[in-house]
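Hi,

Here is the structure I promised to pass on.

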Amino acid sequence: MRITTLLVTGLAAVATAAAGGAATTPAVRSSWYAQLRKPAYQPPRQVFPVVWPALYADIAVVSGATIDELGATGRAIERNAYRNGLALNLVLNAAWSWLFFNRRRFGTATVVSAALTVSSADLTRRAVDALGGRAAPLALYPLWCAFATVLCGHIRQLNRRAGRS
């Protein structure tokens with residue numbers, strides 16, 4: 001993998017994390033979030049700052065390798081489609097944080113989370129097509145997003161009056 005490609009995908013992942021964090025960090029420290037009803041299966045707060053950086057690193061590395069592999073094998077159309085899919089995925093990723101934590105739109109956030117899950121699964125499929133087993137770690141991303149979608153929808157159900165759905 002070229003270092004320039006890894007820098008681009010890494011910076012894109014860092015920018016997404018920063019954008020999402022700007023909405024998330026103040027909210028999770030607020031009384032609003034503390035009072036929000038959450039399902040028993042919600043992981044402890046300490047899990048999220050461990051899982052998300054690992055997923056962002058995974059996204060950056062596997063995406064960089066995928067983009068370079070598609071370019072090296074003359075599959076420019078697929079490479080451009082992957083880049084576009086990655087850009088959409090990262091926008092959905094950051095948007096979810098703003099919808100859920102800043103705007104408190106739990107229903108809309110659930111829909112965006114479902115779209116993020118589909119987008120993440122599509123990125124994984126494309127990466128596996130290009131890299132084979134080397135892309136396997138990216139499969140954790142759509143799995144986590146699917147779990148987050150269920151969790152978000154359940155939080156919506158538990159807090160119909162607290163959010164704006």
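What is the volume of the largest pocket? It comes to about 820 Å³. Before the rest, some housekeeping: this is a predicted model, where local features need pLDDT of at least 70 and side-chain atom pairs count only at pLDDT 80 or more, while totals for chains, interfaces and linings use all residues. Residues are numbered from 1 along each chain as its sequence is written, and side-chain values use heavy atoms, with hydrogens and water left out.

A pocket here is an open set of points on a 1 Å grid over the protein atoms alone, where a 1.4 Å probe fits, with protein on both sides within 12 Å along at least five of seven lines; lining residues have an atom within 4 Å of a point. The volume is the space filled by probe spheres set on the points, which are joined across faces, edges and corners.

Of the 34 lining residues, Thr24, Phe48, Trp52, Trp96 and Phe101 are the closest to the centre of the largest pocket. Helix 1 gives the largest share of the lining, 10 residues, and helix 1, helix 3 (48-72), helix 4 (76-102), helix 5 and helix 6 each supply at least two. Helices are DSSP runs (H or I, at least four residues), numbered from the N terminus. By class, the lining has 22 nonpolar, 10 polar and 2 charged residues (Ala, Val, Leu, Ile, Met, Phe, Trp, Tyr, Cys and Pro count as nonpolar, Asp, Glu, Lys and Arg as charged, the others, Gly among them, as polar).

Now the packing. Helix 5 (residues 106-131) meets helix 6 (residues 140-158) at about 170°, with axes 8 Å apart (axes are lines fitted to C-alpha atoms over the stretch in contact, and angles run from 0 to 180 degrees between N-to-C directions). So helix 5 is roughly antiparallel to helix 6 (angles over 145 degrees count as that). The residues of this contact divide into 11 nonpolar, 8 polar and 1 charged.

Asparagine 93 lies in helix 4 and is buried, at 5% relative accessible area (buried means under 20%, with a 1.4 Å probe and protein chains only). Leaving aside neighbours within four places in sequence, asparagine 93 is in contact (heavy atoms within 4.5 Å) with Thr16, Trp52, Tyr56, Leu116 and Tyr141. Threonine 9, in helix 1 (residues 3-28), is buried too, at 4%.

Cheers

Definitions and conventions: Angles under 35 degrees count as roughly parallel, over 145 as roughly antiparallel, 65 to 115 as roughly perpendicular and the rest as oblique. Buried means under 20% relative accessible area, exposed over 50%, partly exposed in between (1.4 Å probe, protein chains only).
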